[in-house]
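This report describes the features of one protein chain. It takes up the nonpolar core, a helix, a hairpin and the salt bridges in turn.

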Amino acid sequence: MFSKEIVVRCESGLHNKQATYFVQKANEFESSIWLESENRKMNAKSLLGIMSLGIVTGATVTLSAAGSDEEAAVTALEALLKRDVY
């Protein structure tokens, strides 16, 4: 398992278009990917799960992945959380 703590820098947090694009990117990887915020952990490949976390700009989240492409998945998704993804 590979994980990283990240401060979300998307201007409007991880909602609507940003969340959709994030989930689409997560689904490109074979690994199981999880996003954790405030002791709530959701599957990063689930749009409803990600949106239910209510992640806002400046929030600290933990992104983790387990599988054959875990490091690539975390690195790619980290880049999306550090900028506006649309």
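## Nonpolar core

A nonpolar core is here a set of buried Ala, Val, Leu, Ile, Met, Phe, Trp, Tyr and Cys residues joined through side-chain atoms within 4.5 Å. The model under discussion is predicted. Its largest nonpolar core holds 24 residues, and the members that touch the most other members are Phe22, Ile33, Leu35 and Ile50. Two or more residues of this core are given by each of α1, β2, β4 and α3. The largest share, 5 residues, is that of α3.

The surroundings of Ile33 can be listed in detail. When residues up to four places away in sequence are not counted, Ile33 touches Ala26, Met42, Asn43, Ala44, Lys45, Leu63, Ser64, Ala65, Ala73 and Leu77.

## Helix α1

Helix α1 spans residues 16-26, and its residues Gln18, Ala19, Phe22, Val23 and Ala26 are buried. Viewed down the axis of α1, the buried residues fall within an arc of 130 degrees and therefore line one face of the helix. In general, an α-helix has 3.6 residues a turn, so residues three or four places apart point the same way.

The cover over the buried residues of α1 includes β2, α2 (47-52), β4 (60-66) and α3. Asn16 and Lys17, on the other side of α1, are exposed.

Strands β2 and β3 are paired in the antiparallel sense, over 4 bridges. Within this arrangement, Leu35 stands opposite Met42 in β3. Leu35 is also one of the residues that touch the most other members of the largest nonpolar core.

The hairpin has 2 residues between its strands, and Glu38 adopts a positive phi near 50 degrees. Asn39 lies in the loop between β2 (32-37) and β3 (40-43). Asn39 counts as exposed because its relative accessibility is 76%, above the 50% cut-off. A distance of 24 Å separates the C-alpha atoms of Asn39 and Ala72, which are 33 residues apart along the chain.

## Salt bridges

How many salt bridges does the model contain? The count comes to 3. Side chains of opposite charge can pair when their charged atoms come close.

A salt bridge joins Lys4 to Glu78, with the closest N and O atoms 3.0 Å apart. This pair links distant parts of the chain, since Lys4 belongs to strand β1 (residues 2-7) and Glu78 to helix α3 (residues 70-81), 74 residues apart. Glu78 also forms a salt bridge with Lys82, the closest N and O atoms again being 3.0 Å apart. Glu78 is buried, because its relative accessible area of 10% is under the 20% limit. Lys4, with a relative accessible area of 34%, is partly exposed, and Lys82 counts as partly exposed at 47% relative accessibility.

A further salt bridge is formed by the side chains of Glu28 and Lys25, at 3.2 Å from N to O. Glu28 is exposed, with a relative accessible area of 54%, whereas Lys25 counts as partly exposed at 23% relative accessibility.

Methods: Residues are numbered from 1 along each chain as its sequence is written. This is a predicted model: local features need pLDDT of at least 70, side-chain atom pairs count only at pLDDT 80 or more; totals for chains, interfaces and linings use all residues. Side-chain values use heavy atoms; hydrogens and water are left out. Buried means under 20% relative accessible area, exposed over 50%, partly exposed in between (1.4 Å probe, protein chains only). A salt bridge is a side-chain nitrogen of Lys or Arg within 4 Å of a carboxyl oxygen of Asp or Glu. The arc is that of the directions from the helix axis to the C-beta atoms. Contact means heavy atoms within 4.5 Å. Two strands pair if DSSP finds at least two bridges between them.
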